[in-house]
Amino acid sequence: MTHDLVAALSPLLTAEACAEAYASGAEPDDLEQAVWLRLLERLDSDGPPRDPQDWLRKAVRAEARRSRRTARVERPYDTEPADDAGSGPEQVALTAAGHRALRDAVRRLPGRCPRLLEALLSPKDLTYREIAGELGISQGSLGPERSRCLGCLRRLLTPEVAAREVRG
């Protein structure tokens with residue numbers, strides 16, 4: 001019964017939704033979907049309408065009116081909303097946790113790597129000459145040493161980053 005009703009009403013609904021969509025500011029497919037939903041709800045509660053074609057026309061017009069009312073109330077932003085991704089407390093907490101994890105990983109590195117990376121991450125913005133002097137190594141070996149330490153850090157952090165990432 002329901003399948004026959006849907007098959008019989010489908011062309012009429014498509015035509016009515018296309019006719020009403022422009023004036024209501026809605027997409028025809030959205031109107032159709034809303035009317036199909038109304039029909040299914042009605043079939044569950046009251047059964048099929050006595051005059052399905054008449055009911056369908058009235059339902060499309062009612063959905064178009066609802067869409068117009070919604071469009072009058074909902075206004076788009078004049079400008080894009082401000083990007084506050086970095087200002088919320090959640091983001092601050094996540095950033096702080098990321099910094100703590102990085103500092104913990106740096107402390108677990110072998111040899112001179114913890115001191116070297118701490119110097120590179122220092123807010124003092126030290127030059128290579130200053131870092132080399134502080135660590136007691138030649139400035140020329142600082143670049144290769146940095147690369148080796150960053151490679152170790154990358155290998156150390158990879159399992160942690162992969163384990164924390166939730167997918168699904």
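## Basis of the model

Because the model is predicted, local features are reported only at pLDDT of at least 70 and side-chain atom pairs only at pLDDT 80 or more, whereas totals for chains, interfaces and linings use all residues. Residues are numbered from 1 along each chain as its sequence is written, and side-chain values use heavy atoms, with hydrogens and water left out.

## Overall architecture

The chain contains 7 helices and 0 strands, and its pattern along the sequence is α-α-α-α-α-α-α. Helices (H or I, at least four residues) and strands (E, at least two) are DSSP runs, numbered from the N terminus.

Of the 168 residues in the chain, 29% are buried. Here buried means under 20% relative accessible area, exposed means over 50%, and partly exposed lies in between, with a 1.4 Å probe and protein chains only. The chain exposes about 12000 Å², of which carbon and sulfur atoms supply 53%; the areas come from the Shrake-Rupley method with a 1.4 Å probe, and for residues only the protein chains shown count as cover. Among contacts (heavy atoms within 4.5 Å) between residues at least 6 apart in sequence, 54% join residues at least 24 apart.

## Helices H1 and H2

Helix H1 (residues 2–24) and helix H2 (residues 28–45) have axes that come within 8 Å and cross at roughly 140 degrees. H1 is therefore oblique to H2. Axes are lines fitted to C-alpha atoms, for helices over the stretch in contact, and angles run from 0 to 180 degrees between N-to-C directions. Angles under 35 degrees count as roughly parallel, over 145 as roughly antiparallel, 65 to 115 as roughly perpendicular and the rest as oblique.

The crossing of H1 with H2 is right-handed; this term applies if the near helix is turned clockwise from the far one by less than a right angle, and left-handed if anticlockwise. On the H1 side, the contact includes Leu5, Leu9, Leu13 and Ala17, which belong to a set that meets H2 residues including Leu31, Val35, Trp36 and Leu39. The residues of this contact divide into 13 nonpolar, 4 polar and 2 charged. Ala, Val, Leu, Ile, Met, Phe, Trp, Tyr, Cys and Pro count as nonpolar, Asp, Glu, Lys and Arg as charged, and the others, Gly among them, as polar.

## Helices H5 and H6

The axes of H5 and H6 lie 10 Å apart, at an angle of about 150 degrees. H5 is therefore roughly antiparallel to H6, and their crossing is right-handed. Arg115, Leu116, Ala119 and Leu120 of H5 make the contact with Tyr128, Ile131, Glu134 and Leu135 of H6. These residues comprise 6 nonpolar, no polar and 2 charged.

The loop between helix H5 (113–120) and helix H6 (128–135) holds aspartate 125. Its phi is near 55 degrees, a positive value in a residue other than glycine. Aspartate 125 is exposed, with a relative accessible area of 65%.

Glutamate 145 is placed in helix H7 (residues 139–164) and counts as buried, because its relative accessibility is 12%. Beyond residues up to four places away in sequence, glutamate 145 touches Arg112 and Leu116. Glutamate 145 and leucine 117 are 28 residues apart in sequence, with a C-alpha to C-alpha distance of 10.0 Å.

Serine 67 belongs to helix H3 (residues 52–73). At 14% relative accessibility, serine 67 is also counted as buried. Neighbours within four places in sequence aside, serine 67 is in contact with Ser24 and Ala26.
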